[in-house]
Amino acid sequence: MAVVKLADICQKIGSGATPRGGKEAYRAEGIALVRSQNVLDFSFSSDGLAYINDEQADKLRNVELQSGDVLLNITGDSVARACLMDDDYLPGRVNQHVAIIRVDESKAVNSYLLYYLQWRKSHLLQLASAGATRNALTKGMIEQLEIDLPSLDEQRKVVGILGSIQNKIKLNHEINDNLYAQVKAIFSENFLNLDFLPDGWKTGNLLDIADYLNGLAMQKYRPKDGETGLPVLKIKELRQGICDANSELCSPSIKSEYIIHDGDIIFSWSGSLLVDIWCGGTCGLNQHLFKVTSNNYDKWFYYLWTAHHLDRFIAVAADKATTMGHIKREELEKAEVIIPSKCDYKRISTLIKPLFDLIISNRIENRKLTALRNTLLPKIMSGEIDVSDIQL
């Protein structure tokens with residue numbers, strides 16, 4: 001195994017710039033401009049992807065993306081996150097917060113480099129935090145990064161093992177996107193596009209179909225001596241979909257209704273307003289989050305109605321003259337819903353519930369696959385697991 005510098009195995013290492021001209025530089029469609037929010041650990045996200053006009057793209061032609069490029073966040077809180085560029089958004093450009101790393105394919109495999117960077121993430125974070133007021137990786141730091149580089153054959157074996165897990169995670173995401181699109185279409189057709197209210201149907205509000213339980217101030221419920229603490233579900237955890245080593249802990253002896261399990265519907269009503277299906281494992285519910293449940297209706301029903309009103313809730317919270325926008329419970333009472341007859345509810349539920357349940361199942365599987373990948377990654381990259389004799 002050779003030790004090389006990253007610059008020695010790359011054709012290009014460089015970052016872009018922010019287009020000039022303010023809002024006029026951006027378009028609803030056009031050439032994709034990748035920013036740090038699009039670069040997640042191991043995966044590319046199109047959420048919030050910006051687009052620029054041809055003139056601005058031409059000014060950034062020196063950072064035009066190609067298939068197989070490794071993207072690395074180099075500034076801010078997301079520094080050291082890395083993924084491969086998604087070919088669906090080519091041609092594209094990057095701004096100054098993202099570096100393009102283009103591997104020389106005669107020397108290295110791009111996916112192997114991605115896994116190496118993820119394995120060395122703690123080292124990259126240390127580099128980024130050295131001697132600066134803001135986390136940043138310079139071009140020089142990236143170029144001088146030392147890489148333990150096995151043969152191309154061994155690199156491909158590493159990619160084959162870890163890539164099969166990553167591909168399954170990506171496939172589950174794609175399946176869920178399709179499933180959710182079907183769910184929303186069925187929901188819209190049956191509830192949002194009605195010309196009149198069918199016989200036996202009625203209107204109500206969110207509080208008529210579900211209970212919204214606010215969480216606890218978990219700093220008052222720390223683990224007691226001898227207890228193994230539960231991770232605390234706060235807004236940060238809800239946004240990232242999992243609890244991590246930095247999550248706070250609470251006592252497992254809190255009341256059972258405040259313990260969250262896979263498949264529970266969680267609504268953040270303060271700060272960053274969002275509603276999601278929690279699939280991140282067992283944890284304790286913190287204040288500023290609602291656990292949404294019902295004795296009469298399925299999860300899909302109250303989840304979709306809550307999600308339907310989310311944009312309005314966000315607008316209400318934004319109008320409040322406070323440092324942290326929020327909504328009050330009275331807003332739930334103002335949020336109108338349509339409640340079908342028992343017969344029609346059962347008919348619609350037979351269409352939506354299996355799709356909704358499969359979404360939850362796929363998300364739980366992805367959490368377990370992610371844990372497996374994260375367990376294998378350091379063992380394989382460090383050589384603790386020898387891949388040289390593996391036949392792919």
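Ala80 is buried, with a relative accessible area of 0% (buried means under 20% relative accessible area, with a 1.4 Å probe and protein chains only). The model described here is predicted, and local features need pLDDT of at least 70. Residues are numbered from 1 along each chain as its sequence is written.

Ala80 lies in the loop between strand S5 (70-73) and S6, and has a positive phi of about 80 degrees although it is not a glycine. Strands are DSSP runs of E with at least two residues, and helices are runs of H or I with at least four, numbered from the N terminus. Phe42, also not a glycine, has a positive phi of about 75 degrees. This residue sits in the loop between strand S3 (26-34) and strand S4 (50-52), and counts as buried at 9% relative accessibility.

Turning to the helices, H5 (residues 152-192) and H8 (residues 299-308) pack at an angle of about 80 degrees, with axes 11 Å apart; axes are lines fitted to C-alpha atoms over the stretch in contact, and angles run from 0 to 180 degrees between N-to-C directions. H5 and H8 are therefore roughly perpendicular to each other (65 to 115 degrees).

Terms used:
Predicted model: local features only at pLDDT ≥ 70, side-chain atom pairs only at ≥ 80, totals over all residues. Heavy atoms only, no water. Parallel < 35°, antiparallel > 145°, perpendicular 65-115°, else oblique. Buried < 20%, exposed > 50% of the residue type's maximum accessible area, 1.4 Å probe, protein only.
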